[in-house]
Amino acid sequence: LALSLALGACTEQKPEAERPRPVKTMVVAPSPSTVELSQTGEIQPRVETDVGFLVEGRMTARLVEIGQTVKPGDVIATLDDTRLANDLRAAEADLASASTSADLARINLDRQRQLFERDIVARARFEEAESNARVAESRRVAAAATLANARRRVEYARLTATTAGVVGVVTIAEPAGW
């Protein structure tokens, strides 16, 4: 017996299949003496996600209804993006202007450097050209950042679902002061 236990411990044993468990069932049916019972209550979602536009504007379309299922990336509503598109075009123009100014300032700096190295212009003129080049480059960087923000704001005119779910409530609020 000791030998069989020792050998039994060395072999791999398969787990037993789970046996079905007995359950009791009952058929529920209305009987003539059943009293009708009615209750009121509120069904609330386990998880709620509020979504809203990040920019203000006039809503041009609401593309979902209460009870509709949405998945991440689905467009829920859109705003009139005319003003945002105009801001984007202005930012593109500002960047083009700032880039041209930065290029001209760099060309002038190179010219002033060559003249300064040959003692044709004073140090003050060369240093002024250096300063102008730095300022123009800073303006170009700022214009590029403004353009990136304008592009992002145009994207904000489309409200998209961030998670999958079912639309439960649609609330349209006016900004303060309207």
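Gln112 touches Val121, Arg125, Phe126 and Ala129, leaving aside residues up to four places away in sequence; a touch, or contact, means heavy atoms within 4.5 Å. Gln112 itself is buried, with a relative accessible area of 10%. Buried means under 20% relative accessible area, exposed means over 50%, and partly exposed is in between (1.4 Å probe, protein chains only). Keep in mind that this is a predicted model: local features need pLDDT of at least 70, side-chain atom pairs count only at pLDDT 80 or more, and totals for chains, interfaces and linings use all residues. Residues are numbered from 1 along each chain as its sequence is written, and side-chain values use heavy atoms, with hydrogens and water left out.

**The overall plan**

- The protein has three helices and five strands. Helices (H or I, at least four residues) and strands (E, at least two) are DSSP runs, numbered from the N terminus.
- Starting at the N terminus, the elements go α-β-β-β-α-α-β-β.
- How much of the protein counts as buried? The figure is 16% of its 178 residues.
- Take the contacts in the protein with a separation of 6 or more: residues 24 or more positions apart account for 73% of them.

**Two helices side by side**

- Gln112 has its place in helix H2, which covers residues 82-117.
- The axes of H2 and helix H3 (residues 123-155) come within 7 Å and cross at roughly 160°. Axes here are lines fitted to C-alpha atoms, for helices over the stretch in contact, and angles run from 0 to 180 degrees between N-to-C directions.
- Why quote both an angle and a distance? Because two packed helices are described by the angle between their axes and the distance between the axes.
- H2 and H3 are therefore roughly antiparallel to each other. For that label, angles under 35 degrees count as roughly parallel, over 145 as roughly antiparallel, 65 to 115 as roughly perpendicular and the rest as oblique.
- The H2 and H3 crossing is left-handed, a word used if the near helix is turned anticlockwise from the far one by less than a right angle, with right-handed used if clockwise.
- Sorted by class, the contact of H2 with H3 has 19 nonpolar, six polar and 13 charged residues. Ala, Val, Leu, Ile, Met, Phe, Trp, Tyr, Cys and Pro count as nonpolar, Asp, Glu, Lys and Arg as charged, and the others, Gly among them, as polar.
- Ala90 is also in helix H2, and at 38% relative accessibility it counts as partly exposed. Ala90 and Ala150 are 60 residues apart in sequence but 9.1 Å apart in space, C-alpha to C-alpha.

**The sheet**

- Three strands make an open sheet in the order S1-S3-S4, with antiparallel pairing. Two strands pair if DSSP finds at least two bridges between them.
- Which strands stand at the edges? They are S1 (59-62) and S4 (158-160), each with a single partner strand, so one side of each is left without a neighbour in the sheet.
- On average, neighbouring strands of this sheet are turned by 20° against each other, direction ignored.
- Strand S3 (residues 75-79) pairs with S4 over three bridges, and three bridges also join S1 to S3.
- Thr78 in S3 stands opposite Ala61, and Thr78 also stands opposite Arg158 in S4. Val75 has Thr160 in S4 as its bridge partner.
- Four of the five residues of S3 are buried, so this strand is largely enclosed by the rest of the structure.

**Two loop residues to look up**

- Asp119 is in the loop between H2 and H3, and at 68% relative accessibility it counts as exposed.
- Phi of Asp119 is near 60°, a positive value in a residue other than glycine. For background, most residues other than glycine have a negative phi.
- Where is Gly52 found? Gly52 is in the loop between helix H1 (2-10) and S1, and counts as partly exposed at 42% relative accessibility.
- Gly52 and Tyr156 are 104 residues apart along the chain, with 9.7 Å separating their C-alpha atoms.
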